[in-house]
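Colleague: Please take a close look at one part of this model, the ligand site. I would like the contacts first, then the pocket around them.

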Amino acid sequence: MRPRSVRRKTLFAVLAATVALVSGATTVSAAPVQHRPAYLDTGKPVPVRVADLLSRMSLDDKLGQMTQAERGAITDPADIATHRLGSLLSGGGSVPTPNTAQSWADMYDGFQRAALTSPLRIPIIYGVDAVHGHNNVHGATIFPHNIGLGATRDPKLVGRIGGAVAEEVSGTGVDWDFAPCLCVARNDRWGRTYESFGETPELASSMTTIIDGLQGRSSSDKGSILATAKHYVGDGGTTGGVDQGDTELTEQQLRAIHLPPFRAAVRRGVGSVMISYSSWNGVKMHANRYLITDVLKGELGFSGFVVSDWQGIDKIDGQEGFTAEEVRTSINAGVDMVMVPYDYVSFIDTLRAEVQAGRVPMSRIDDANRRILTKKFQLGLFERPFTDRRYTATVGSAEHRALARQAVRESQVLLKNDGGVLPLGKNGQKIFVAGKNADDIGNQSGGWTITWQGSSGPITPGTTILQGIRDKARSSAVTYDRNGAGIDGSYDVAVAVVGETPYAEFMGDRPAGMGLDAEDLATLRRLKGSGVPVVVVLVSGRPLDIAAELPGWDALLASWLPGTEGGGVADVLFGDYNPAGKLPVTWMRSAAQQPINVGDGQDPLFPYGYGLRYRRG
Ligand code: GLC
C-alpha cells in the first residue's frame, strides 16, 4: 500500500498538470504534452512511467541508478551526470560548509541540477542518517535516541517525531532517511544498543509508526521522505553483541526475534531496506539471497528497493575493497543499490563486466531499476526535484523542540526513589548538581550527532540538563561543579548526572566491563561522603553495571540519550511530569549476565518493562 501522501502527491500532480494544461503553463517540462515522453507525464500511472523510462535507458543509465556515492567523493558535479549516478549520501558528519539548513539545501540543489543535465534527466535521491532528528545539521532538533523512544511505549508520539524529522530533512533538500533502525538489541554490550527501540520484536514493531511519519504526513503540505528499515536482518543478535558479528540462531529463532519488525515495516510501505553488515550462521547478510530475495522480497512482499550498507559488499570476503565476485554475489542476492560509496567508477565498470559476461542477468538489473525508479516517481522527484524551501525554517523550530521535550519526558524511567527524594523542590531547596553529563549537549545527545561518533561539548544549540534544572528552580538554589567539589552537609540534595560519552557502531562495543568510568565513580563517592541524599541521572545508550553502587544512591533515573531538549529531564526531576517510562531492555545485575533478556530465566536488577511513578497526594 502506498503511503497516503505519495497517493496524494500523485493526485495533486495530476490535478496540477491538468490545470497547467488548461492554463497553457507546464509544471513538468518545457515539451508540449503531446511530445512529452510518457515517463514525464504525471497523468500516467507510475508503472507506465517506469516502463517507459526503462525502455529509454542504456545499460550505463541502469548501472548508474544502482550506484550511490558519498558527497565527498564528488570532485566535479558533472560526474553525477557523466556516470548517471542515481543517488548520493552524506555519511555521518559529511556536511557542507557552513553546516546550516540553507547551505544543505543549496548543496542538494546543486547536485540535483547537475544530475538533471543527463540525457534522460533522472533526478538523484539523496540519503542521510537522520536517526534522532536531522542530526548532521547544526541547529536541528535532536530527539531522544531510539532506546529512549522505546521507553515511552508511545507509538503515536514516535509517529509524530517521524513527521517532524521529515519536515527538517525535507527543508534541506534531502529526500531519503536511513532510518528507522529496527534492530532488536539482545546483548547490551553491542555499541548500537541505543539505536534499538528495545529487546523484543513486539516493541520494535510497535515503533514502525515512525515510518508513517517519515513517508506520509496527515497534512498534504508537510514534507515526506523515503524511510529505510535497517539493518536487515539480525544485526542486534550477534554472539557477544559484537557489531557486524555473527548471529548464530536457528531460522525459527531468527524469524521469531529479528524478522517481525521488518514485516511490520513492509506492511507500512517502507520504501527501502538496508542490509546488515552482520552474518547469519556465518553467511554475510549482503550475500544472502535466501533472506533478501526469497524472504524479504518474496515472502514479505517488499516492493521497495534494497540498499547495501556503507562498503557493505566489500566486507563479504572480509578483505578491503570489493571484488567482481562480491559485486556479482550481492546484486544477484537482491541488493538493488550499492552504497559504494567512493570507488563508484570502478563499481560501475565491474558490474557492467559482470552483466556483459552474463553472470548478472539483465532481468536483475531491470528489477533493481524498476524498484528504484518507482520510489523516485512516487516521491515526486521528477516534478519537484529541488528543495521545498517552505520547510527549511522548520529545522530546529520551537514546535519540533517542544515535541522533542515531550519525548524526553516520556522516555525517562524512574528506577529508584527512596524516601521520596524526588521530585525536587522548586522553592527553598539547596540543590547541588554534579557529573560530566550535567552540562554537556554532546554527551546527552550521544553518537550520530553533528559527527558520526558524536562528541562532548556545546556541539549544537540546545538545553543541557543543568540548564533545565536551573530554569525550573525558582527560589531553590542550584550549585554546579562537575566533580562535586564544594558539596557539604548544608545541601538538601545532590543530583549526579553521569554515564557514557558519545560513540557509534563498533566504537561502542563493550566486550569487558560495563560499569561507570573512574571520573563518575569519584564524583559519586565525593557526593556520598557529604551525607547529602544523592539522585543519580544516568545518561547512557544502554543499561550499565551499577548494582554495586545502587545501594548508596537514594534515587536513580534512567535518562538514556535525550538529545537537545534536556529541559524534559528537569520536568521529571521537579515533578512537572510524573515519570511513566518503562524499561525497553532488561537491566543486568552484572555484566556477566549478558545477554540478558525478558523470559530467559535470569534474575535481573530491574526487569524489562519496569518503571516507577511518583506517589501523588
Ligand atoms: C553506517 C551504518 C548505517 C548507516 C550507513 C550510512 O556504517 O551501519 O546504519 O546508515 O553507514 O551512514
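Modeller: Start with Asp309: one of its polar side-chain atoms lies 2.7 Å from an oxygen atom of the ligand. That is a polar contact, a pair of N or O atoms within 3.5 Å. Asp129 also places a polar side-chain atom 2.5 Å from a ligand oxygen. For Tyr277, a side-chain N or O atom is 3.1 Å from an oxygen atom of the ligand. The protein covers 96% of the 310 Å² of accessible area that the ligand has on its own (Shrake-Rupley method, 1.4 Å probe).

This is a predicted model: local features need pLDDT of at least 70, side-chain atom pairs need 80 or more, and totals for chains, interfaces and linings use all residues. Numbering runs from 1 along each chain as its sequence is written, and side-chain values use heavy atoms, without hydrogens and water.

The residues around the ligand (a heavy atom within 4 Å) include Phe178, Arg192, Lys230 and His231. By class, this shell has six nonpolar, one polar and five charged residues.

The ligand sits in the second largest pocket, with more than half of its atoms within 2 Å of the grid points. The volume of this pocket is about 320 Å³, the space filled by probe spheres set on the points. Its lining has 20 residues; Tyr277, Trp310, Trp448, Trp452 and Glu505 lie nearest the centre. Domain 1 (1-16 + 70-124) and domain 2 (400-593) both contribute to that lining, so the pocket lies between them.

Key: Polar contact = N/O pair within 3.5 Å; in protein donor to acceptor, adjacent residues only side chain to side chain. 1 Å grid on protein atoms, 1.4 Å probe; cavity = no way out; pocket = protein on both sides within 12 Å on 5 of 7 lines; lining within 4 Å. Nonpolar A, V, L, I, M, F, W, Y, C, P; charged D, E, K, R; others polar. Domains from an automatic or database assignment.
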